[in-house]
Amino acid sequence: LKASSEFRLHLGVLNARPDCDSAYHCHAPFLTAFACSGEDIECDFYHEIPAGYDKIPCVPYGTPGTHKIELEASKLLQQPNCNVVL
């Protein structure tokens, strides 16, 4: 099968985080809304959401399938305690 247009994103994430064996990519409506607004998700009042993360950073917009998203996501995921990005 032909690889997805987002294969660079998945490969970049896995290269940035050799401690991970897989990458998950989704377009959940509310998460997509935060990403489109360029907003990080910060949650310090309801510990069940987002699963113990104080902040989920938002990667700056990049055209799907380009290296920009891969590079920006990889930079964020290399920071301490960063396991999820928008």
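Q: What makes the approach of the side chain of R17 to the backbone oxygen of C82 a polar contact?
A: In this predicted model, a polar atom of the R17 side chain lies 2.8 Å from the backbone oxygen of C82. The cut-off for a polar contact is 3.5 Å, so the pair qualifies.

Q: Where does R17 lie, and which residues does R17 touch beyond four places away in sequence?
A: R17 is placed in the loop between α1 (7–16) and α2 (29–37). Leaving aside residues up to four places away, R17 touches L77, C82 and N83.

Q: Why is R17 called buried?
A: The relative accessible area of R17 is 12%. Buried means under 20%, so R17 falls in that class.

Q: How do you know that E70 has no salt bridge, and which side chain of opposite charge is nearest?
A: The nearest side chain of opposite charge to E70 is that of R8, 5.3 Å away. A salt bridge requires a distance within 4 Å, so E70 is left without one, although E70 is buried.

Q: What makes a polar contact with the side chain of E70, and which residues does E70 touch beyond four places away in sequence?
A: The side chain of H67 does so, at 2.9 Å, which is within the 3.5 Å limit. E70 belongs to helix α3 (residues 67–77). Not counting residues up to four places away in sequence, E70 touches R8, L9 and G12.

Q: Why are C36 and C26 placed in their accessibility classes?
A: C36 has a relative accessible area of 68%; exposed means over 50%, so C36 is exposed. C26 stands at 37%; this value lies between the 20% and 50% limits, so C26 is partly exposed.

Q: What is the order of elements in the protein chain, and how much of the chain counts as buried?
A: The chain has three helices and two strands, which run α-α-β-β-α from the N terminus. Of its 86 residues, 27% count as buried. The chain exposes about 6,500 Å², and carbon and sulfur atoms supply 59% of that area.

Methods. Residues are numbered from 1 along each chain as its sequence is written. This is a predicted model: local features need pLDDT of at least 70, side-chain atom pairs count only at pLDDT 80 or more; totals for chains, interfaces and linings use all residues. Side-chain values use heavy atoms; hydrogens and water are left out. Buried means under 20% relative accessible area, exposed over 50%, partly exposed in between (1.4 Å probe, protein chains only). Lys and Arg count as positive and Asp and Glu as negative; His and the chain ends are not counted. A polar contact is a pair of N or O atoms within 3.5 Å; within protein, one must be able to donate a hydrogen and the other to accept it, and residues adjacent in sequence count only if both atoms are side-chain atoms. Contact means heavy atoms within 4.5 Å. Accessible areas come from the Shrake-Rupley method with a 1.4 Å probe; for residues, only the protein chains shown count as cover.
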